[in-house]
Amino acid sequence: MARRGGCARYGIRSTVRSLIVVVLCVSLLTAAFRTALASGDTIQPEDLLHLRFLSNAVISHDGSRVAFVMSRPDGASNATLSNIWLVDVKSGALRQLTRGESDVEPAWSPDDATIAFSSGRGDKKEIYAIAVGGGEAQALTHLDTGASHPLWSHDGKHLAFLSPTLDDPPPTAVDWKLLGIEPPEKLKKSDVKTIARLDFEENGEGETFNRHAHLWVMRADGSEQHALTSGHEWSERNAAWSYDDATIAFNSLRRPDPARIAMDLYTVAPSGGPMRRLALGTVASTQPVWTHDDRHLLYFTGMNNDPAEMSGVA
């Protein structure tokens, strides 16, 4: 059920996170160009390779540290490399935590001793965990289609995450019998892509129209992995554990909508079972957040089928 108001309480955390990112960005940009400006040199296009970009800032539960992603362009590989860093709130001391090339989406464990994150250290993203004190990151998932967006349960015993289902390529539109040809396997599937939706790709992800992200849960050590949702039509996003860890809320588009924003809120037990759609009477509802007593959900909502109208909180 929903409750009107209360948005300030949950907006403060988001605002603080945004301010921290801005402060860190300004500090790093200032340092990057201080030498050039002091010497009177003009900024050249090549200087863009020295820029550092910050994202995914997450405050530790005790408020003493912030984990964030620092990304930088790499001219040699023509790619953007990213690692997870830590900054001490009081001293401002920075420390690089991970050493991969595409480490993103840090998530603090409830005791602030471990950070789970996703990383494309192979041919696809998987979930890893690393001790905040240092050491090697340990892979928690080895799924055929990869995994991302780790989210700790409040008791620290489980992680929810997303793993996509991939659509098979369509068969080649050729009547091989009419031609009297037995085609090789590589020609039986077509490389022609038919795209029938507006949101067919995402920044940093490439084409996404043929991938459907589904909700999974595993134990904190990576064992007992199981899917809570499945299928080749819909996707799930923005999972949120209830504070008693008995329920996971999320949003999903599961009805025809050319604009692809008519999402509804659902809940499901982390052990599996049927999903329950929440009847909220809105055109679109996303990003659920539980109140501490688990009696209510706060969420973003829109009453009109227009992406620009998604500004209300309920």
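1. D264 is located in strand β17; strands (E, at least two residues) are DSSP runs, numbered from the N terminus. With a relative accessibility of 4%, D264 counts as buried, a term that denotes under 20% relative accessible area (1.4 Å probe, protein chains only). The model is a predicted one, in which local features need pLDDT of at least 70 and side-chain atom pairs count only at pLDDT 80 or more, while totals for chains, interfaces and linings use all residues. Residues are numbered from 1 along each chain as its sequence is written, and side-chain values use heavy atoms, with hydrogens and water left out.

2. The side chains of D264 and R277 are joined by a polar contact of 3.3 Å. Such a contact is a pair of N or O atoms within 3.5 Å; within protein, one must be able to donate a hydrogen and the other to accept it, and residues adjacent in sequence count only if both atoms are side-chain atoms. Leaving aside residues up to four places away in sequence, D264 touches F250, N251, S252, R255, R277 and S285, where contact means heavy atoms within 4.5 Å.

3. Three aromatic pairs are found in a search of the whole structure. Rings of Phe, Tyr and Trp (its six-membered ring) pair if their centres lie within 6.5 Å; planes under 30 degrees apart count as stacked, over 60 as edge-to-face and the rest as tilted. The pair of F250 and Y266 is stacked, because the ring centres are 5.8 Å apart and the planes lie at 15°. This pair links distant parts of the chain, with F250 in strand β16 (residues 248-252) and Y266 in strand β17 (residues 264-268), 16 residues apart. F250 and Y266 are both buried.

4. R254 lies over the face of Y266, at 5.9 Å from the ring centre. At Y128, the charged end of R121 sits over the ring, 5.1 Å from its centre. The criterion is NZ of Lys or CZ of Arg within 6 Å of the ring centre and within 35 degrees of the ring normal.

5. An open sheet of four strands has the order β9-β10-β13-β14 and antiparallel pairing; two strands pair if DSSP finds at least two bridges between them. Its edge strands, each pairing on one side only, are β9 and β14 (226-227). β9 and β10 form a hairpin with five residues between them, and G156 in the turn has a positive phi of about 75°. Nine bridges join β10 to the antiparallel strand β13 (residues 211-219); in β13, W216 is the bridge partner of F161.

Key:
Buried < 20%, exposed > 50% of the residue type's maximum accessible area, 1.4 Å probe, protein only.
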